[in-house]
Amino acid sequence: DAGFGHGLSPEMVYRYSRQLLLPSFGVKGQSNLLKSSILVVGAGGLGSPALLYLAACGVGRLGIVDHDDVELNNMHRQIIHTEAYIGQSKVKSAAAACRAINSTIDIVEHREALRTSNALEIVRKYDIVIDATDNLPSRYMISDCCVVLGKPLVSGAALGLEGQLTVYNHIGSPCYRCLFPTPPPTSACQRCSDSGVLGVVPGVIGCLQALEAIKIASAIGEPLSGRMLLFDALSARIRIVKIRGRSLHCEVCGENAAFTEQMFQDFDYEKFTQSPLTPLPLKLKL
Amino acid sequence: DAGFGHGLSPEMVYRYSRQLLLPSFGVKGQSNLLKSSILVVGAGGLGSPALLYLAACGVGRLGIVDHDDVELNNMHRQIIHTEAYIGQSKVKSAAAACRAINSTIDIVEHREALRTSNALEIVRKYDIVIDATDNLPSRYMISDCCVVLGKPLVSGAALGLEGQLTVYNHIGSPCYRCLFPTPPPTSACQRCSDSGVLGVVPGVIGCLQALEAIKIASAIGEPLSGRMLLFDALSARIRIVKIRGRSLHCEVCGENAAFTEQMFQDFDYEKFTQSPLTPLPLKLKL
Amino acid sequence: MQLTLEFGGGLELLCQSVKIHKVNVDLQAGKEKLTMRDLLSWVRTNLIKERPEMFMKGESVRPGVLVLINDCDWELSGQLDTTLVEKDVIVFISTLHGG
Amino acid sequence: MQLTLEFGGGLELLCQSVKIHKVNVDLQAGKEKLTMRDLLSWVRTNLIKERPEMFMKGESVRPGVLVLINDCDWELSGQLDTTLVEKDVIVFISTLHGG
Ligand SMILES: [Zn+2]
Ligand SMILES: [Zn+2]
């Protein structure tokens, strides 16, 4: 342990010195962070800042899942990708960016869509999951997977000029199904790719997702469990509201729920939500 | 005007399509943004996300002022810089990162400390100023300069696990001196370099600074003028409070103030605040 | 009874894109209190200008809408049976899925 | 009188690193109301455990401290002369300069 009794090499002490100086974080917080593993699902608008800050602060192992390629129309908000990566895998691009700012942590590339067939295997390897996806079936699937495997889920969303954030399945907080047992009608489901989004709105929410994951991983502060942050960029207003706890009657996390790994693998999330896991192309007419 | 009557080339329409789709932003907002110029003072913890999002969203001209070089102990929070730039100018590094994500906008490098001798000349060239510095004399100097030149100032600060944000000198809002006519005692002035900061805290504030600048530049929404956002990362609490308006008695922006460009150039901000414009080196002992 | 109603997450599009509504809701004849059940029916009649099925389903809100009374999930106060008092702030927000 | 006092921006270090204090402040003998002037003197006596000069200067707060009463700058309500009422929330926050 480099002879300092805290497990940090002299280079680490120098790199993370501004965090080590913090009384409420310090060596203990940094050690916890370096020992933790965090999976970010989606290397898009939310995932971009979340990944950069998680890599920079010294999360020990950082996983990135995405099946998509970088496109020019992503660049207004997906600041982790550079023009040089247009047409290449988002995971490859994001991993390269994370390595460029911190070569000392482990970055794991999962270049595939998260599906019921691979989710258990991938998510099992991490302590904390960040939902940075852009569609409804993925949100139900990731939440159910986190319940089955007992992982805290830092969930963010952004659309237009609004954002939302909470921590599911952590110290008594609800899962996604506790809040939304029935999926909304498909006509109520908008994506950034259909409806637009101001780039910096997922920027704010993605940073806050990184913060919540860091707090859980380093065991500091009060996570946003049982609370939800509602962000309105246009009026510069933020509400942090109290939401229900875990529901005893939840079909997935409730008292008598028997939602097994096998049931998860057999569940049809696209049919349940009547929405596809991958978005359709868009035609913009001005 | 590319024959579309809105001044956007087909490539721009594609690049910014997700913003053009937004009814409250749209072609008008994007055109305003592309015609605007924003100066970011400081390419550090706050400046990193602010610069990336301003470049990505399509600000027409983006200026970066900093005199510092990239160091390893910046990397935990200054996510615009990569390890490859350690030892090189922060402005050069930040400008390269901005160009890599948006090669179609104008990035202007000011590799020097902002001082009373050069501030008027530099700030005059921009519509909006973002204060992303890390010290008290710079904050007074930048605010005074913005009052003298009539520029809105988006001011952010972060230390430890807290952040603050407001818009000075804009539609009736106060200037920095209206709020703080007398500088605090030097013993009350902490810097990130002395006291530490969790990297993602300036991340959140820097994103919000970019948002406020974008709102002013594109003329949408309600800016955070006359209001201040107080962010407590540890407890995940955010307050947005109402602050005083412009003070009639302010020595710089008040009714009878006669603070001229010459007076600005002659003012000694280090003496006024009893603090240096550039930080002292730090020794960390664990 | 003076109430503040807020719509977000796209629900404001159902009431002419106005997010904040300061309203005065009278008690129904013969009733002593105003419940969330009464308020929903009032909102549907007086504020929702189009596609009411995007706001309500049966006598409650449609799936995917969170209801907050004074910054608390209405599940914690009795949902439809919650009694409202003067100056309450009720937020209706549609969950977002974008990123 | 029940009040909530919050300290931030480093001022919490002066009161044992506790940010939120739910306190009960009694009216002084012979007085009919509690003003911010009275509260500051109460805080200095009862909460500030070290370096009082980092909190006060003269009878007011030191330069660089913002005072907010129910989320409003105290300059808007009369500063030291503001009269407090039951359940008011008073925030003392030191301005930050870091970045
Ligand atoms: Zn559940
Ligand atoms: Zn002023």
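On a 1 Å grid over the protein atoms alone, a pocket is an open set of points where a 1.4 Å probe fits, with protein on both sides within 12 Å along at least five of seven lines; its lining residues have an atom within 4 Å of a point. This is a predicted model, where local features need pLDDT of at least 70 and side-chain atom pairs count only at pLDDT 80 or more, while totals for chains, interfaces and linings use all residues. Residues are numbered from 1 along each chain as its sequence is written, chains are lettered from A in the order in which they are written, and side-chain values use heavy atoms, without hydrogens or water.

Start at the largest pocket. It has 40 lining residues. Nearest its centre lie A:Ile238, A:Arg239, A:Ile240, B:Ile238 and B:Arg239. The lining splits into 19 nonpolar, three polar and 18 charged residues. Here Ala, Val, Leu, Ile, Met, Phe, Trp, Tyr, Cys and Pro count as nonpolar, Asp, Glu, Lys and Arg as charged, and the others, Gly among them, as polar.

Now take chains A and B. Their contact (heavy atoms within 4.5 Å) takes 72 residues from chain A and 73 from chain B. Together they bury about 6200 Å², with 69% of it on carbon and sulfur atoms. Buried area is the accessible area (1.4 Å probe) that two parts lose on being put together, summed over both. Two salt bridges link chain A and chain B; the term means a side-chain nitrogen of Lys or Arg within 4 Å of a carboxyl oxygen of Asp or Glu. B:Arg15 and A:Glu83 pair in a salt bridge at 2.5 Å, N to O. On the side of chain A that touches chain B, the residues divide into 41 nonpolar, 19 polar and 12 charged.

Turn to chain C against chain A. This contact takes 27 residues from chain C and 37 from chain A. About 2600 Å² is buried between them, 57% of it on carbon and sulfur atoms. On the chain C side, C:Leu96, C:His97 and C:Gly99 lose the most area to chain A, together 29% of what that side buries. The salt bridges between chain C and chain A number seven. A:Asp232 and C:Lys19 form a salt bridge through their side chains, at 3.2 Å, N to O.
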